[in-house]
Amino acid sequence: MKKYSSVLLFFVGLLLISDYSFAQMFSVGESNRQVQASNSYLRLGLAPFTFDFQGNRLENPNSTTLELDNTAFYVAFETPGVILNLMLANKLTGLEDQSLFDLAFTLTNRFAFIRGRSVQAGVPIQLYSSITGVNSDRSNENFNQANFAVGAGAFIGFRFSNKIIFSNEFIPGYGFSNSNGGFIGGSMYYLRGKSRLNFINIFAGRSLSIGYDFNYRSFDIEDEIYDFDFTSHLITLGISL
């Protein structure tokens, strides 16, 4: 536990010591001429996703009843460095006897090595935690895992004008996952990609954001019946707050 606590403290320290002013990336105009646009968004979207069993199908036939291939509803509050999001799939999205619940919290800090007026690029450090539940009326087994992971990757952003900003981010990460009761656990590997096309102050002082997110998580749990891969492609529309 001391080893894992040291790793956690190290990444938390990295998140705290970076230049906080970078949260206002590509502010609109000079500060003495224009008011900065809001960087906080309410985001809604749809996420086609798959939830595939990766263990031995012959020895764990009940686990295959938890597999999903559907579209989920997505809602999120997104501000520089922080994302709180919820993904849901149930009867309202076309599932009859299955359901998906995925609540996630992401804390990211960006270390910029290129800080130009039109281009910024660098390394993001990320803490990622989520609670994922998949249930099926056809099985006594349910998938309920809470996980915590850390990651680092790369980002690049372009400001085409004071009104248009395009940013990209890709982060691989690794962490730990446990069942709700804490008795069955293992590891989780993830890959996350994010693109945003923001149109600044286009109506009534509000900004509009078009987003795409790729989210891949691979669960390697001690008991093979919970070895699943979760993959989603998310299309969202956001409005600044």
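Predicted model: local features only at pLDDT ≥ 70, side-chain atom pairs only at ≥ 80, totals over all residues.

Reader: Okay. How many helices and strands are there?

Author: You'll find 1 helix and 11 strands. The order along the sequence is α-β-β-β-β-β-β-β-β-β-β-β.

Reader: And what percentage of the residues count as buried?

Author: The protein has 241 residues, and 44% of them count as buried. As for contacts between residues at least 6 apart in sequence, 60% join residues at least 24 apart.

Reader: Let's look at β11. Which strands does β11 pair with?

Author: One partner is β1, residues 41-53, which pairs with β11 in the antiparallel sense over 11 bridges. β10, residues 206-221, also pairs with β11 in the antiparallel sense, over 11 bridges.

Reader: How many residues sit between β10 and β11 in their hairpin?

Author: There are 6 residues between the two strands of that hairpin.

Reader: I clicked on T236. Where is T236, and is T236 buried or exposed?

Author: T236 lies in strand β11, which covers residues 228-240. T236 counts as buried because its relative accessible area is 3%, and the cut-off for buried is under 20%.

Reader: What does T236 touch?

Author: Leaving out residues up to four places away in sequence, T236 touches R43, L44, G45, Y74, S209, I210 and G211. With R43 there is also a polar contact of 3.0 Å between the side chains.

Reader: Switching topic: how many residues are in the largest nonpolar core, and which ones touch the most other members?

Author: That core has 29 residues, and those touching the most other members are F49, F51, L68, M87, L100, V134 and F143.

Reader: Pick V134. Where is V134, and is V134 buried or exposed?

Author: V134 is in strand β5, residues 119-136. V134 has 0% relative accessibility, so it counts as buried.

Reader: Which residues is V134 in contact with?

Author: Setting aside neighbours within four places in sequence, V134 is in contact with F51, L66, L68, S99, L100, N142 and F143. Also, V134 and N144 are 10 residues apart in sequence, with their C-alpha atoms 6.6 Å apart in space.

Reader: And M87, what is M87 in contact with?

Author: Beyond its neighbours within four places in sequence, M87 is in contact with A47, A72, F73, Y74, L100, F101, D102, F230 and S232.

Reader: Now a loop. Where's G55?

Author: G55 sits in the loop between β1 and β2, where β2 is 68-79. Its relative accessible area is 16%, so G55 is buried.

Reader: What about β9? How many bridges join β9 to β8 and to β10?

Author: 15 bridges join β8, residues 164-179, to β9, residues 185-203, and those two run antiparallel. Another 15 bridges join β9 to β10, again antiparallel. If you want pairs to look at, S167 has R196 in β9 as its bridge partner, and G186 stands opposite I221 in β10.

Reader: What's the phi of A204 in the hairpin of β9 and β10?

Author: A204 takes a positive phi near 50° there, in a hairpin with 2 residues between the strands. A204 is not a glycine. At a relative accessible area of 79%, A204 is exposed.

Reader: And N201, what's the phi of N201?

Author: N201 has a positive phi of about 50°, and is not a glycine either. N201 lies in strand β9, and is partly exposed because its relative accessible area is 26%.

Notes:
Residues numbered from 1 in each chain as written. Heavy atoms only, no water. Helix = DSSP H or I, 4+ residues; strand = E, 2+ residues; numbered from the N terminus. Buried < 20%, exposed > 50% of the residue type's maximum accessible area, 1.4 Å probe, protein only. Contact = heavy atoms within 4.5 Å. Polar contact = N/O pair within 3.5 Å; in protein donor to acceptor, adjacent residues only side chain to side chain. Core = buried A, V, L, I, M, F, W, Y, C linked by side-chain atoms within 4.5 Å. Pairing = 2+ DSSP bridges.
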